[in-house]
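Here's a quick briefing to read with the model open in your viewer. Take a look at the structure, then work through the points below.

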Amino acid sequence: MALGAGEPAERLPAAVLFLPACFVIEVILGGPAGIYGGTSVRFILLAASCCALIFAVLIRGRMVRQHLLPMLCVVGFVILNGIWIVIVPVLTGTSMHWALREPHAFIVFVPVVFFLAVLRRDQLAQASLGLQRIVVVTSLILAAFQVGLWVFGTLYTELRWAVPLGLRVIFGAAVDQVYVGPAPDGFFRVFWISTLWCVLSFFWIPVAFPTARFRRVFQGLLLYDILVAYTRGIWIGVIAGMIVAFAVTLTRHNIARSLARSLAVGALAAAVLGANLTMPGTHERGLSRAESTTSREDVSINARLEQAPYLLRLWYEHPIVGNGYGAYSPIHLRSDEAPYSYEHMPFALLAKLGVIGVLLNGIFLAGLGLAAWQTRQRSRAQAAAFLGSCVALLIAEMTNPMVLNFVSMSIFACLLVQWSSLVSAADRAEPWQAGSIPGRMESDGATRAERFPRELPL
């Protein structure tokens with residue numbers, strides 16, 4: 001049903017989406033904490049977004065029930081993890097202070113529920129596409145900034161001292177959570193947690209801007225940003241995500257063309273990477289970084305291996321239900337400010353959630369993936385973007401304490417919006433594809449994107 005001039009309640013959702021868009025932009029560009037002058041702008045925008053969406057529901061007088069299954073999934077996921085936030089810590093004696101603090105980012109799922117309650121199915125499809133475009137454009141700005149810092153720090157070593165000063169002006173006290181400087185092997189590293197948005201945007205570009213002339217260039221910029229982040233877990237995750245996304249897009253009709261295009265793009269990427277490795281000292285550092293993934297002599301890998309026995313010992317205390325969120329080993333603290341934070345996330349999650357918690361959360365994530373996989377015939381490009389980005393982010397976050405932070409949960413919330421749109425589109429009589437306007441059909445009854453599906457991400 002099209003929005004009419006005399007239907008203010010139907011036009012209202014377009015207006016209330018402004019604040020959630022501002023929230024997403026701030027999470028991407030606002031630094032690790034989003035605190036300015038002692039004020040958490042991030043949480044103010046989140047609260048304002050929730051209020052605006054609730055107001056839209058009240059104005060309409062009812063909730064849209066076209067997305068009941070996605071809403072139940074989101075609410076069920078929060079309730080499920082709530083057991084390990086409230087009940088399990090009480091049973092195991094884990095500090096409630098840390099149990100509430102570690103998973104505080106779950107609050108970002110609240111606006112997702114109201115988002116689904118406000119928008120009809122056709123509105124959700126358009127809003128999801130708009131969200132993808134906002135995320136991609138903002139991530140490109142972030143990538144350009146981070147790559148620019150890397151170029152400056154690499155070429156002008158005598159002026160590196162100016163970089164921390166400039167970042168302190170931009171991010172304030174949060175600059176302590178930003179790593180910009182030489183790594184132990186001399187590589188000038190530029191990384192903060194918002195870099196994870198560039199991983200998501202790399203997979204979202206083909207569906208957000210399917211006909212963009214410089215789409216490959218933009219993907220290259222995002223890849224370069226991931227390169228200068230110098231995090232092996234993210235590199236491995238992106239490669240695995242690309243393989244998954246490529247497999248989803250393959251059909252009997254495009255397999256030869258897809259393989260040829262992927263080989264061409266891969267050769268170009270290898271040439272660019274080779275050109276970078278020819279820089280003085282970079283070749284040796286690149287080889288050392290690649291070899292360190294299987295080495296036990298690397299400092300960061302040793303730190304993760306050192307955590308393993310302590311986390312396993314913590315798990316042995318309550319192997320079935322775990323110790324709850326906020327749990328930590330008192331004889332091996334990674335930090336005093338966040339003692340529950342560990343880099344060896346598989347063992348950390350096992351110690352916190354136990355066998356039951358890990359199994360139930362794994363079933364939930366597997367269910368999301370299976371539902372997305374089943375939509376590939378109708379929305380192949382979107383399904384590939386969702387599955388590829390999920391695999392990439394999941395692998396990347398297993399090597400750093402990033403799973404439960406605010407940025408990661410905000411990314412997960414955006415993926416849930418995309419997933420909800422995928423599931424809703426699969427239930428429609430007239431499916432839609434990324435890059436097409438819902439409802440605008442070709443003369444033969446199929447959208448252009450459906451007849452000519454685009455490959456992801458190469």
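Let's start with a strand pair: Tyr179 sits opposite Phe191 of β4. Keep in mind that this is a predicted model.

**The β3/β4 hairpin**
- Strand β3 covers residues 179-182 and strand β4 covers residues 188-191; the two run antiparallel and are paired through four bridges.
- Five residues lie between the strands of this hairpin, and Gly186 has a positive phi there, near 100°.

**Gln146 in α7**
- Gln146 belongs to helix α7, which spans residues 121-155.
- Is Gln146 buried or exposed? Its relative accessibility is 0%, so with the cut-off for buried at under 20%, Gln146 is classed as buried.
- Leaving aside residues up to four places away in sequence, Gln146 is in contact with Val190, Trp192, Thr195 and Asp225.
- One of those contacts, Val190, falls within the residue range of β4.

**The nonpolar patch**
- Ile83, Val86, Ile87, Val90, Leu91, Met96 and Leu100 together form a nonpolar surface patch of about 630 Å².
- Two elements each give two or more residues to this patch: α4 (68-92) and α5 (96-101).
- Which element has the largest share of the patch? That's α4, with five residues.
- Val90, one of the patch residues, is located in helix α4.
- Val90 has a relative accessible area of 57%, and because exposed means over 50%, Val90 goes down as exposed.

Technical notes:
Residues numbered from 1 in each chain as written. Predicted model: local features only at pLDDT ≥ 70, side-chain atom pairs only at ≥ 80, totals over all residues. Heavy atoms only, no water. Patch = residues over 30% accessible without salt bridge, like charges linked within 9 Å, V, L, I, M, F, W, Y side chains within 5 Å. Areas by Shrake-Rupley, 256 points an atom, 1.4 Å probe, with all protein chains shown as cover. Salt bridge = Lys/Arg side-chain N within 4 Å of Asp/Glu carboxyl O. Buried < 20%, exposed > 50% of the residue type's maximum accessible area, 1.4 Å probe, protein only. Contact = heavy atoms within 4.5 Å. Pairing = 2+ DSSP bridges.
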